[in-house]
Amino acid sequence: MTAPTTTNVAQGNAHVGVQAGVVHGDINFYRVPPGSSPEEEFALGLKYLDGRVRDRARMLIEKAVARGYLTTEVQFYRLIALLSGRTLRQLSDQELDHLEAVCAGLSRLDDHDEWAAGSSVIIHHLLAPAGVAETDRAVKEIDALKQRQRDEIYGHLEALLDGAMQEAMWRKSVALAESQRTAGNRLNRVWKFFHPTPAQPRTLPVRPAAVPLRDQLRAGIGAAAFTLAVVQMIVLVAARGMLDPLLGLLAGLVGLGAFCVGGAERYYRAARLRAKEAEIRPPRQRGREAPQGGFARKMDVLFNRYFGRYVPDGTDRTYWRSQTAGIQRHLRDELVELYREQRIDANRVAWLVRYLVGDVRRQWEQDTLTAYRQALRTPVKAKALQVGGLALLALGSLWFVPAVVTSAPLAGAGWILLAVASAVPAVRSSFRIVAERRRVADDQAEREVKDAARWAAYHRWCEKLSDKPSDTEMAAWLESDRKVLVDKAMRQYRLHPSQIIAHAFIEAPAPPCKKARYPQGPWRYSRYRLLLFLLTDDGVRQVNIDLDFETVVSRVTQRLNYRFDAVAAVRIDGIAKQQQVFELTLFSGEPISLRVSEPENETLQYDESATKIAELSLDAAGLGNTLHVLEGVAAEGKEWVKHRRRRADERLAELGSAIRGSDDKARRKRGTK
């Protein structure tokens, strides 16, 4: 067996393209309140155990025991947590002492329930030295347990044994992993774990009516001046005893009123049509791009992505993009204004971008995108009022004005000029005032419709995300993937489980990938880069694997074989909260390096620390156990393996004697009774 000449296969110096992480809102999943009871600490320990954060789980369970919480269930999980994912030869002297103490404590519990039965199976069939229990009997007793205890044993303790018992346990464990690998509709749900909590929908508030002071003055003063002029003209005509011209004045005033009503309607519709057209009109020139990395730039990326993806059926993509450029710019500016100052990540608004773009496509396909043009056409009635009113005003003026001039040529002409000069600007300003007030009312009605539609889309999206996997489901799926990959590697190397001294993983995020976690929980990734180490009597088999966690597709990138004495050094470089790189150096080649953690740049909860989150993530990845194995190999080579095996066998023989002595004592006690 020769060592490879080029071993820098993990591409540890390459940049790991990991998207900004998602921290879910279930803040109590991995947290207990201050002053919690030992029962609550034990329950939290079980959550971490299910999440394969084994060191943290062991600490919490032992803390609950130290506070006096000790039941058959607790003892069962003490064994599971202590032995999970490791062979007995991987236990240190301190851990073996602790194991012996746990086993001794079991004899003091008088309860005989399913938890005690599970503990008994572990002690008598999985911890006893070879030859104490027959394989078939042991498997039957495990299978006779209730499902929860049986699944915990097959899920955590498959690596404990040697020989035929190990072969049988491994087959059972792999079969369970195969069935659990896609359980719970994984392929359709796993992506939801990496999806951020959607931001609630917002709509721009209606811009209040903004009537310039000059328009208010023109309308008010103009109306007052016009009224004064009309009254004075009536006085002049009445003083001469001419009453017929007053009918012309009345007709003119009616015509003026009709003209104002029809004209105001026409003015408003024309102004609103121009505003609507401005919203969809393509920009004449390309604006300056938003700063790189900012919220506005991220919104540009989202809108470009979805407008490029949601092309209507039968429409040329280029034509679609050019015709909707103005709409895209308008919607993008609206969302930037709504969300940029609220410290909301752009990915939390992606659902709203998809909805808005999808709504534009729907309107395009239904040919309703410009339906407002038809709705804002001036009605015939308004046109008739405006034209008819103008005609009636002219007719009435022809009847009334000569009479005024005849009554008092100089004064009459002055009042006529004042009436005209005040009426024209007053009417124009009144058109703008009425249009602005109607604009507010119509905008408010549109906002209510838009707001209701967005909330409906939000609730639909939340419903779609409602079956998001829990962290324990993610951990169970990943653990099943690991076992299946280990089994596949052993079959490729034509190795039996009994020939494996130990196996260990190094896990790292693989670019490009997404990441997410629960508060106080480890990071989970959508893509993994795995280094699998199989230790045998002949040396180390290393398999480098890329795993797409969302599609459950794995790919072996390289297989390496090297002797124990070919390992020169193993180390971790970097600070936990910044960046850590695993490096294994062989005497005959370049270092095998892999970036196992990235800088912690995400928002932390009030009681979290970057160091703690990094430690939890590395614990879930099994880095501590892997380093322990590889550092021992690097320090002593094959002698370390022999020494650990000899020492463990001696301690296990002592443990077996203690177990048999405890059993004899229990039988004598029952006989006395």
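This is a predicted model: local features need pLDDT of at least 70, side-chain atom pairs count only at pLDDT 80 or more; totals for chains, interfaces and linings use all residues.
**Aromatic pairs, a pocket and a helix**

With a relative accessibility of 0%, Trp320 counts as buried, since buried means under 20%.

The structure holds 19 aromatic pairs, and one of them is formed by Trp320 and Trp364. A pair of aromatic rings is described by the distance of the centres and the angle of the planes. For Trp320 and Trp364, the figures are 5.2 Å centre to centre and 85° between the planes, an edge-to-face arrangement. Trp320 sits in helix α13 (residues 317–323) and Trp364 in helix α15, so the pair ties together parts that are 44 residues apart in sequence.

Another edge-to-face pair is made by Trp455 and Tyr458, with 5.4 Å centre to centre and 85° between the planes. Here both residues lie in helix α18, three residues apart, or about one turn of the helix. An α-helix has 3.6 residues a turn, so residues three or four places apart point the same way. Trp455, at 27% relative accessibility, counts as partly exposed, whereas Tyr458, at 11%, counts as buried.

Helix α18 turns up again around the largest pocket, where it gives the most to the lining, with 12 residues. The space in the largest pocket comes to about 1,500 Å³. Its lining is made up of 44 residues, and Lys276, Glu279, His330, Glu446 and Lys450 lie nearest the centre. The elements that give two or more residues to this lining are α11 (244–280), α14 (325–339), α15 (350–365), α16 (371–375) and α18 (409–464). Sorted by type, the lining has 23 nonpolar, four polar and 17 charged residues.

Elsewhere, aromatic residues gather in a group: Phe42, Tyr69, Phe76, Tyr77 and Trp115 form one aromatic cluster. Trp115 is also one of the buried residues of helix α5, among them Gly118, Ser119, Val121 and His125. The N-terminal end of α5 is capped by Asp113, which has a side-chain oxygen 3.1 Å from the backbone nitrogen of Trp115.

How does the length of α5 work out? The helix has 13 residues (114–126), and at 1.5 Å a residue these should span 18 Å. The C-alpha atoms at the ends of α5 are 17 Å apart, which agrees with that expectation.

Terms used
Residues are numbered from 1 along each chain as its sequence is written. Side-chain values use heavy atoms; hydrogens and water are left out. Helices (H or I, at least four residues) and strands (E, at least two) are DSSP runs, numbered from the N terminus. The expected span of a helix is 1.5 Å times one less than its number of residues. Buried means under 20% relative accessible area, exposed over 50%, partly exposed in between (1.4 Å probe, protein chains only). A polar contact is a pair of N or O atoms within 3.5 Å; within protein, one must be able to donate a hydrogen and the other to accept it, and residues adjacent in sequence count only if both atoms are side-chain atoms. On a 1 Å grid over the protein atoms alone, a cavity is a set of points where a 1.4 Å probe fits but cannot get out, and a pocket is an open set with protein on both sides within 12 Å along at least five of seven lines; lining residues have an atom within 4 Å of a point. Grid points are joined across faces, edges and corners, and a volume is the space filled by probe spheres set on the points. Ala, Val, Leu, Ile, Met, Phe, Trp, Tyr, Cys and Pro count as nonpolar, Asp, Glu, Lys and Arg as charged, and the others, Gly among them, as polar. Rings of Phe, Tyr and Trp (its six-membered ring) pair if their centres lie within 6.5 Å; planes under 30 degrees apart count as stacked, over 60 as edge-to-face and the rest as tilted.
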